[in-house]
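Please look over the sequence and the 3D structure below before reading on.

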Amino acid sequence: MLKKKSEWIKSTCAYCGVGCGIEGKPNSSGRLDIRGDEEHPANFGRLCSKGLALGDTVTVEDRLLHPQVDGMECGWNHALSHVASSFNKIIEQHGADAVAFYVSGQLLTEDYYVVNKLMKGFIGSANIDTNSRLCMASSVAGHKRAFGEDCVPGNYEDLEIADLVVLVGSNLAWCHPVLYQRLNAAKQKKGTKVVVIDPRKTASCDIADLHLPLSPGSDIALFNGLLAYLSQCQRREPCLCRRTYKWH
């Protein structure tokens, strides 16, 4: 049974990995009115600027509706032939590895299969990467080695009950602003300590009790040192980790 146009439809924002719940409703201008879903456990009605602007993305304004070559509208056959011949010329002159694809992180599984087939099977190069893999490759590898699968072991409520939250190379304030608001609220309510490990001084440092501005590439030394220290603490008493730490 179709819902009436005046009803709010629940959905999920697809921009970042927070997964905020949204509600949308068509309006008279052909766009969507968007609001946060107050019942959703990820955001409880909060939305960032990108989520609030979702209604403007459903129109055809400023979108490429037809193929273009050199700024001129053309048919699909001409556009495809132009791309194919250009690829062939480059490959003939410089080899298959002269071509590289950087693919969006918003494609479907079937789309990824086809574009990988094109690059690796037909062009014959492994020069293809995606935002989704580039962004998450290290965490996926860590999850698989630690837990046996790519499955995040925590949830957002953990951030709100934790005594200490460490942000490593993450500018939470800009990249995941709704989650940043939840962490900031927990800090104000129960005094959660926040440590930011990042060469840059980002907006996330505004709520940090400690910012470690590491030199690029030195994070491995830091984590190896922390692991060695924690291992040493387990073998001796009293454990220095349990002593009261004075935050500056």
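Two strands are said to pair if DSSP finds at least two bridges between them, and helices (H or I, at least four residues) and strands (E, at least two) are DSSP runs, numbered from the N terminus. This is a predicted model, in which local features need pLDDT of at least 70 and side-chain atom pairs count only at pLDDT 80 or more, while totals for chains, interfaces and linings use all residues. Residues are numbered from 1 along each chain as its sequence is written, and side-chain values use heavy atoms, with hydrogens and water left out.

Strand S8 runs parallel to strand S9, and five bridges join them; within S9, isoleucine 197 is the bridge partner of valine 168. Val165 and Leu167 form the covered face of S8, whereas Leu164, Val166 and Val168 form the uncovered one.

| Strand | Residues |
|---|---|
| S7 | residues 128-130 |
| S8 | residues 164-168 |
| S9 | residues 193-197 |

Not counting residues up to four places away in sequence, threonine 130 touches Tyr102, Val103, Ser104 and Tyr112, where contact means heavy atoms within 4.5 Å.

Turning to the whole chain, there are eight helices and 10 strands, and buried residues make up 26% of the 248 residues. The C-alpha atoms fill a box of roughly 75 × 55 × 35 Å, taken along the principal axes.

Note on methods:
Buried < 20%, exposed > 50% of the residue type's maximum accessible area, 1.4 Å probe, protein only.
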